[in-house]
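Biologist: Please take me through a few features of a model, one by one, and tell me how to read each.

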Amino acid sequence: MCGIVGHVGDQQATPVLLDGLRRLEYRGYDSAGVAVHSRKGIEIVRAVGKLRNLESALLKDGLPGTVGIGHTRWATHGRPSEVNAHPHVAGPIAVVHNGIIENHSALRNELEASGYSMSSETDTEIIAHLIHRETKSGLDMLSAIRRALSFVEGAYAIAVLSEEEPDRIVVAKNASPLVLGVSKGATYCASDIPALLPYTNEMVFLEDGEIALLEATGFTLSKLDGTPLTRRTRKISWSPVMAEKAGYKHFMLKEIFEQPRALEDTLRGRLDRERADIATPEIGLSDDDAKRIKRIILLACGTSHHATIAGRYWLEELAKVPAITELASEFRGRDAVVGEGDLVIAVSQSGETLDTLMAAKAAKERGAMVLAIANVNGSAIPRMADGSFYTHAGPEIGVASTKCFMAQLANLLMFSIWLGRRRGTIDDAQATELVEGLARIPNQIAERLRETHLMVTDIVRDFSDARDVLFLGRGLSYPMALEGALKLKEVSYVHAEGYAAGEMKHGPIALLDAHVPVVVLMPQDRHYDRVSSNMQEARAREAKIIGVTTEGDKHAQALCDRFVEVAKTHEALSPFVTVVPLQLYAYCVADHKGTDVDQPRNLAKTVTVE
Ligand code: G6P
């Protein structure tokens with residue numbers, strides 16, 4: 001996830017671009033840059049790090065001109081560095097891009113074979129070269145972009161400048177957001193509404209497969225195939241604060257609702273549906289490495305640790321490789337036996353958590369191979385690891401992790417399938433079911449989100465006074481129960497326990513009475529009957545049961561006092577759908593209590609202390 005912005009009009013572009021980027025910084029903040037048409041041609045300034053670094057660079061250099069584009073980056077391809085920062089240039093063309101180009105490796109090879117040389121590791125630079133190549137055959141900027149994009153597969157919102165056409169910007173979109181703003185004497189573009197609100201509330205939303213030519217007097221819209229389009233502007237009545245959260249009350253809620261998108265971006269280009277396999281060229285493990293692994297140790301903290309428990313179950317079931325999971329702080333604090341033949345998977349949203357970093361380092365020093373699963377490109381854990389497999393959830397602002405957890409689950413499952421394919425432990429039919437099932441998950445979540453939010457809001461009204469809540473699940477639902485309890489503790493300060501349902505009778509059952517709600521996860525998997533029995537045991541102690549059930553499962557629903565429905569999935573995929581109502585439960589209780597949902601007391605997003 002990155003942010004793009006553009007201005008063509010009668011005022012100076014740079015202040016508008018910087019202001020817009022500041023309002024888009026929530027979309028990414030590892031580097032930023034602007035390109036402006038000046039009297040000398042297109043001039044570019046880029047800087048690594050937060051936007052203030054770009055601002056300082058611009059204070060020194062200045063950048064006069066009224067037409068320009070800007071970008072704030074959240075690295076996906078290529079680490080955060082000045083050469084990888086946007087805008088990217090090829091000949092007279094400068095491009096900013098938000099999205100992921102799926103066929104970038106093939107395009108890069110093709111361009112390099114015909115003599116183009118790349119200066120960055122990004123997928124975006126390829127777009128710049130493709131457009132440049134097309135302009136060489138005499139096409140104007142708009143037509144060249146149309147042709148160039150016909151070669152591109154993936155997600156993009158782009159804004160392009162050409163030295164040859166200094167009064168214009170061309171923008172185009174597929175799967176990444178793009179909005180135009182129109183005011184007297186200026187036309188704007190941005191990834192999101194807040195960037196434009198200080199200048200205009202007259203906006204136009206581009207649809208996938210559309211391209212627009214922006215000039216100071218307005219815009220011309222068409223489809224990528226050239227069909228002309230007309231669209232009227234819409235008046236946006238949001239306040240700037242509402243706009244930053246896209247109308248959601250809190251970032252946590254916004255991020256819960258962003259999960260289908262976060263998953264889509266994380267899966268993009270990695271599900272090889274033709275071969276029923278996973279394409280992970282970036283991991284850096286060969287097929288032979290995959291066969292040589294003797295044991296996998298998954299290390300993480302907090303929410304990421306819960307993702308690793310699901311990961312362990314998947315790895316053992318699908319790749320038949322012994323796997324253990326351990327809290328990073330415990331692993332590094334003892335004399336763990338680890339060495340050659342072990343693959344350590346260090347999972348961390350931030351990629352900076354000190355305990356995870358130190359534990360993975362210690363394992364590497366003793367001869368283990370380390371694979372990082374992180375959301376922040378170029379962060380400390382991927383830097384020290386032998387290979388990295390990034391999640392593409394975009395920056396997460398709420399301290400309590402939601403969409404990054406979802407993306408971590410996706411990477412752990414994809415890695416398990418990848419490994420299973422290489423070790424010959426999953427056959428074609430099984431792999432097809434998993435890959436196709438995974439491809440359906442983002443839609444399955446999206447279709448139910450609003451309804452689930454309403455159902456959970458209603459349930460929470462009846463249970464908001466509960467002082468203790470128990471979450472139960474078996475198998476893959478066990479780590480989700482742990483995560484449900486952690487989310488509730490984190491944001492609402494209500495005491496909660498996540499338990500393996502089979503363990504209830506070994507302790508927590510003593511806590512049960514009519515005042516303790518028990519949230520039971522019961523997807524229709526191999527544990528269903530035993531979880532039903534555990535539910536009956538809790539009911540017999542007068543506990544109130546809130547069930548997370550499969551849609552239409554009347555049997556389970558009859559056992560519950562209240563229930564939420566989730567989509568029916570392949571049983572290995574149930575965590576993706578069962579965790580959503582639990583996140584919403586925590587959110588709704590916290591909102592009801594009026595806690596500081598996005599920055600709960602005593603917690604920090606990134607923990608770099610021991
Ligand atoms: C903190 C955050 C949690 C997160 C944990 C691990 O405690 O508040 O949301 O799960 O750190 O962070 P990581 O960045 O390593 O996933």
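Biologist: Between which strands does the loop with Ala175 lie?

Modeller: Ala175 sits in the loop between β8 (169-174) and β9 (179-183). Strands (E, at least two residues) and helices (H or I, at least four) are DSSP runs, numbered from the N terminus. Since you will be looking residues up, numbering starts from 1 along each chain as its sequence is written, and side-chain values use heavy atoms, without hydrogens or water. This is a predicted model, in which local features need pLDDT of at least 70 and side-chain atom pairs count only at pLDDT 80 or more, while totals for chains, interfaces and linings use all residues.

Biologist: What is the phi of Ala175?

Modeller: Here is the general idea: most residues other than glycine have a negative phi, and most peptide bonds are trans. Ala175 is not a glycine, yet its phi is positive, about 70°. For the peptide bond, look at His86 to Pro87, which is cis, with omega near 0°. Pro87 belongs to the loop between β4 (67-73) and β5 (88-90).

Biologist: Now helix packing, please. How are two packed helices described?

Modeller: By the angle between their axes and the distance between the axes. Axes are lines fitted to C-alpha atoms, for helices over the stretch in contact, and angles run from 0 to 180 degrees between N-to-C directions. Take α8 (residues 259-267) and α15 (residues 428-463): their axes are 9 Å apart, at an angle of about 170°. The two helices are therefore roughly antiparallel; that label is for angles over 145 degrees, with under 35 roughly parallel, 65 to 115 roughly perpendicular and the rest oblique.

Biologist: Which residues of α8 and α15 meet?

Modeller: From α8 come Pro260, Leu263, Glu264 and Leu267, and from α15 Leu438, Ile441, Pro442, Ile445, Ala446 and Leu449; contact means heavy atoms within 4.5 Å. They divide into 9 nonpolar, no polar and 1 charged. Ala, Val, Leu, Ile, Met, Phe, Trp, Tyr, Cys and Pro count as nonpolar, Asp, Glu, Lys and Arg as charged, and the others, Gly among them, as polar.

Biologist: At what angle do α16 and α19 cross?

Modeller: Roughly 20°, with the axes of α16 (residues 477-492) and α19 (residues 574-593) coming within 9 Å. So α16 and α19 are roughly parallel. Their contact has 11 nonpolar, 3 polar and 3 charged residues.

Biologist: Last, the ligand. Which residues come nearest?

Modeller: A residue is near a molecule if one of its heavy atoms lies within 4 Å of it. There are 14 residues around the ligand, and Ser304, Ser348, Gln349, Ser350 and Thr353 come nearest. For polar contacts, look for pairs of N or O atoms within 3.5 Å; within protein, one must be able to donate a hydrogen and the other to accept it, and residues adjacent in sequence count only if both atoms are side-chain atoms. An oxygen atom of the ligand is 2.6 Å from a side-chain N or O atom of Ser350. Gln349 has a polar backbone atom 2.7 Å from a ligand oxygen, and for Thr303 the corresponding backbone distance is 3.0 Å.
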